[in-house]
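Open your viewer and get ready to select residues by number. Each stop on this tour gives you something to pick and something to look for.

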Amino acid sequence: VISLAGTTHTRPGRAAFTPYLFLLPAVLVMLAGLVWPVLDAFYLSFFDWKIGTPFETAPNVGVANYIRMLSDEGVRESLSVTLRFGFWTITIEMILGVALALLLEKPIRGASIFRTIFILPLMVSPVVVALIWRYLYDARIGWINYYLNAWFGIDYQVWLGDPSLAFAAIVITDIWQWTPFIFIIVIAGLQALPSEIVEASKIDGAFWWQLIFFVKLPMIRSILLIALLMRLIDVFRALEVMYIMTGGGPGRSTELLSLHIYNRAFSAQQLGYASAI
């Protein structure tokens with residue numbers, strides 16, 4: 001620090017660059033793990049490259065892959081399936097997750113046990129989830145068919161062989177797996193609410209439904225928005241469960257956009273076109 005004519009100035013030195021040095025490792029990791037792959041995929045989308053052939057020999061097709069994508073029926077169908085899948089799963093998961101959180105936020109007997117049970121699906125690998133539900137839906141030995149027949153007299157269904165039933169099956173599986181995620185986030189937000197506001201609302205005569213819809217939920221709307229956005233991101237990158245349970249079939253009834261990209265890249269060996277999608 002130098003004082004000239006009563007004015008204090010700061011000499012630029014190493015201290016000014018110290019924060020950037022601490023940020024540098026994280027920036028390098030992001031560049032290597034996020035930015036570079038995206039740029040590389042964008043560059044690859046201008047080539048017609050197949051697995052097993054040298055990239056140097058791949059012809060440059062310009063924007064042909066993007067033009068092809070716009071007229072590709074498979075892309076449109078898989079995008080439609082993804083949007084319908086996201087609508088049903090996210091809507092039901094948000095409703096169930098919020099309802100369970102509101103039900104178990106109070107310190108009632110056994111609440112901690114139920115909370116532990118509800119979050120168990122999150123601890124299971126997606127591959128294991130897919131295998132479990134694939135056997136549950138099995139047309140011959142699956143428990144779902146057995147109990148539906150034993151309790152309600154419903155005939156055995158080929159759950160993963162019928163387009164409409166297969167779509168419903170993957171929706172139910174996703175709801176079972178990811179509702180606990182919404183539950184954890186919402187119950188954490190509810191328990192962090194200031195008790196004074198809730199108590200003041202009760203004193204003013206607010207009913208239970210008014211407390212929920214006009215006090216609690218508005219106060220955690222930012223948390224609900226974060227949960228909604230995170231689940232929306234997960235929908236567009238969901239792959240393992242659908243790949244193992246149905247492989248995208250029958251037909252394309254359960255082929256999400258991520259699975260369609262995977263099939264284009266590794267089954268059809270169209271890496272350039274898959275990168276464009």
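Start with helix 12, residues 257-267. Select Tyr262 and Phe266, which both lie in this helix, 4 residues apart. That spacing is about one turn of the helix. Keep in mind that this is a predicted model.

The structure holds 18 aromatic pairs. Select Tyr43 and Phe55 for one of them. The ring centres are 6.1 Å apart and the planes meet at 50°, so this pair is tilted. Tyr43 belongs to helix 1 (residues 14-44), while Phe55 sits in the loop between helix 1 and helix 2 (64-70). The two are 12 residues apart, and the pair links distant parts of the chain. Tyr43 is partly exposed at 46% relative accessibility. Phe55 is partly exposed too, with a relative accessible area of 25%. Ring pairs link Tyr43, Phe47, Trp49 and Phe55 into a cluster.

Go back to Tyr262 and Phe266. Their ring centres are 5.1 Å apart and their planes are at 45°, so this pair is tilted.

**Charges over rings**

Select Arg68 and Tyr273. The charged end of Arg68 sits over the ring of Tyr273, 3.9 Å from the ring centre. Next, select Arg84 and Phe167. Arg84 lies over the face of Phe167, at 4.5 Å from the ring centre.

**Into the core**

In soluble globular proteins, nonpolar side chains tend to be buried together. Here, the largest nonpolar core has 39 residues. Select Phe85, Val186, Leu190, Ile220, Leu224, Met242 and Met245, which have the most contacts inside this core. Several helices supply at least two core residues each, among them helix 3 (73-104), helix 5 (126-136) and helix 10 (221-237). Which helix gives the largest share? Helix 7 does, with 12 residues.

Zoom in on Met242. Setting aside residues up to four places away in sequence, Met242 touches Phe85, Ile170, Gly247, Gly248, Thr254, Leu256 and Leu259.

Now pick Thr173, in helix 7. Thr173 has 0% relative accessibility, so this residue counts as buried. Leaving aside neighbours within four places in sequence, Thr173 is in contact with Val129, Trp133, Tyr137, Val241 and Met245.

**The largest pocket**

Select Leu102, Glu105, Lys106, Ile212 and Lys216. Of the 16 residues that line the largest pocket, these lie nearest its centre. The volume of this pocket is about 420 Å³. Helix 3, helix 7, helix 8 (195-203) and helix 9 each give two or more residues to the lining.

**Two backbone details**

Select Gly249 and Pro250. The peptide bond from Gly249 to Pro250 is cis, with omega near -5°. Pro250 is in the loop between helix 11 and helix 12.

The last stop is Gln269, in the loop between helix 12 and helix 13 (271-276). What is phi of Gln269 near? The angle is near 60°, a positive value in a residue other than glycine. Gln269 is partly exposed, with a relative accessible area of 33%.

Definitions and conventions:
Residues are numbered from 1 along each chain as its sequence is written. This is a predicted model: local features need pLDDT of at least 70, side-chain atom pairs count only at pLDDT 80 or more; totals for chains, interfaces and linings use all residues. Side-chain values use heavy atoms; hydrogens and water are left out. A nonpolar core is a set of buried Ala, Val, Leu, Ile, Met, Phe, Trp, Tyr and Cys residues joined through side-chain atoms within 4.5 Å. Buried means under 20% relative accessible area, exposed over 50%, partly exposed in between (1.4 Å probe, protein chains only). Contact means heavy atoms within 4.5 Å. Rings of Phe, Tyr and Trp (its six-membered ring) pair if their centres lie within 6.5 Å; planes under 30 degrees apart count as stacked, over 60 as edge-to-face and the rest as tilted. A charge sits over a ring if NZ of Lys or CZ of Arg is within 6 Å of the ring centre and within 35 degrees of the ring normal. On a 1 Å grid over the protein atoms alone, a cavity is a set of points where a 1.4 Å probe fits but cannot get out, and a pocket is an open set with protein on both sides within 12 Å along at least five of seven lines; lining residues have an atom within 4 Å of a point. Grid points are joined across faces, edges and corners, and a volume is the space filled by probe spheres set on the points.
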